[in-house]
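The following briefing describes selected features of the structure shown below.

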Amino acid sequence: MFCFQCEQTQDGTGCTTVGVCGKTPLVAGLQDLTMHSLKGLAAWALAARAAGVPDDAEVNNFINGSVFATLTNVNFDDARFVEMLHHADKLQARLAAAVRAKGGAPPTLHSTAELGWAASGLPHPAAWSVPEGASARDLEKLSRKAGVDLRRRELGPTLGGLQECLAYGIKGVAAYTHHAFMLGASDAGQNAAIQEALAFLASPQARDVGAVLDKLLWLGGVNLKTMQMLSDAHASRFGAPTPTEVPLTVRPGPCILVSGHDMADMEALLKATEGKGINIYTHGEMLPAHAYPKLKAHKHLAGHFGTAWQQQKREFALFPGPILATTNCVLEPPKSYKDRLFTTNEAGLGGVKHIGDGKDYGPLIAKALECEGFNAENMPEVEGAAHFTTGFGHQAILAVADQVIDAIKTGKLEHIFLIGGCDGAEKSRKYYSQLGSSLPASTMILTLGCAKYRINHLDFGNLPGTGLPRLLDMGQCNDAYGAIVVASELAKAFGCGVNDLPLSLDLSWFEQKAVAVLLTLLHLGIKNIRLGPKLPAFLTPEALGVLIERYNIQPASLDAPEEDLKRMMANK
Ligand code: FSO
Ligand code: SF4
């Protein structure tokens, strides 16, 4: 296997024997093959659209969901990928028949020589299908011909890495599009754009470094629209988030813990458990659920348990009830809680119960009633803060925009820091806690994503001379659109560009949703972004050089957060 799609990749170069995430070579191969197959399905979907075949909602959602399944820490279940590969073939045959019926043109089946992967034995993805009777192991063997490493060797590390960067950006956009779909929002243009980007990767145009760079920035624009769609979908379905203190204490009684990002599941589970005496707790990225008026109206949405995704093995083991993983980030569970874990949507783990599209939460509820639940003996001691605060979405921040603008004009507010993105297991991520805890009192901090857990237990108080809290949690990584709205509105108020605001972005990335958000920021022309803890392994020094030259992206100064602080305060 070879995979280097996330920040924690082995030795900063690539996972080759087993993933640091726990991904096996079998699953890694099946994921590579899934991506290969989806490039072909996307090419057929484009051909169908061009031929005037009506948009096929099943194809669109299947592509988005299956791409999402290959994102880091989403799905480790080989059987699910084998199913996806077969289903992709079925959908491809259906589209091909529809194109033929309309007299349309099929996708151009470029040779592997034209694509620059001559050593690959696999034909163009639009002409490839699962060989009859192939087992998961057979498919893994085949996948070696479609693997990242082979393509990179043939295309060269810079072009190969940039193509992968585009593939990872697509994974992020597809994930966000799928999240929006689960909330009832979709857009034909967005689906077509994802398919265009996938098909581009199986075209000779992708052999041109300049064309891939252009496509990366274009995809950042596509993601901006996706994130807006997702933000609107959350607000219209659950109401705009409002600032909310979320208890870290627990209530006695049966309990369910919900992780991941999917608020539609949260709402459905709250309804399904209404009046059953079961308390619902959030974990990791689900914390912002407490800020949505329609979700917090359910009195048994009781509080938050634990911290960020990488702590799940320790924290899930301590939770005396079942756990529902709605999306990333899941890890292979130890025995201590495997029988209490349930996945749904694109999340998947071999041997773990999966709640399918029918959304029957019955077995999860039965498990909650059967488990010990919280009682006087196992109530956790909460050390430090008794609550986390969340719910400062762009709507809440813009409601006090006049006060923020006044604080900047009067010098009470010198600088705003956005500390956003992902958390992760590496020790070097303490940089974000060190930076956060050393920020001067005249600064405000916006947080997004699970990176918040590096600092949200600290008491930042209010900005002196104002009633404004210094730490404003804007929500999940899925809510990054809100930060863009706030920055754009402040820039408008000051008649300047976002790069001229007293605002710095210090981003901690981990997986491919973060790649999509980064592309959006580059699309918007945002400069001087700090990125850490490590820079992407898939970008060579040459490719990084282009980003540094154009956007002054800077690696986080892990050993000297105070240096970063000084430079960021000076807008550098
Ligand atoms: Fe973080 Fe990634 Fe969203 Fe995970 S972006 S690491 S738990 O996906 O969730 O903030
Ligand atoms: Fe390694 Fe990350 Fe790929 Fe997992 S997703 S195999 S940790 S690079």
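**Helix packing, ligand shell and a loop residue**

Helix α17 passes helix α21 in a right-handed crossing, meaning that the near helix is turned clockwise from the far one by less than a right angle. The model is predicted: local features need pLDDT of at least 70, side-chain atom pairs count only at pLDDT 80 or more, and totals for chains, interfaces and linings use all residues. Residues are numbered from 1 along each chain as its sequence is written, chains are lettered from A and ligands numbered from 1 in the order in which they are written, and side-chain values use heavy atoms, without hydrogens and water.

**Packing of α17 and α21**
- The axes of α17 (residues 430-437) and α21 (residues 561-569) lie 9 Å apart, at an angle of about 55°.
- The contact (heavy atoms within 4.5 Å) involves Tyr431, Gln434 and Leu435 of α17, together with Pro561, Asp564, Leu565 and Met568 of α21.
- By class, the residues of this contact are five nonpolar, one polar and one charged.

**Shell of ligand 2**
- Ligand 2 is surrounded by 13 residues, each with a heavy atom within 4 Å of the ligand.
- The closest are Cys3, Cys6, Cys15, Cys21 and Thr72.
- Seven nonpolar, five polar and one charged residue make up the shell.

**Alanine 118**
- Alanine 118 belongs to the loop between α4 (112-115) and α5 (136-143).
- Leaving aside neighbours within four places in sequence, alanine 118 is in contact with Thr112, Ala113 and Glu154.

Terms used:
Nonpolar A, V, L, I, M, F, W, Y, C, P; charged D, E, K, R; others polar. Helix = DSSP H or I, 4+ residues; strand = E, 2+ residues; numbered from the N terminus. Axes fitted to C-alpha atoms, helices over the stretch in contact; angles between N-to-C directions.
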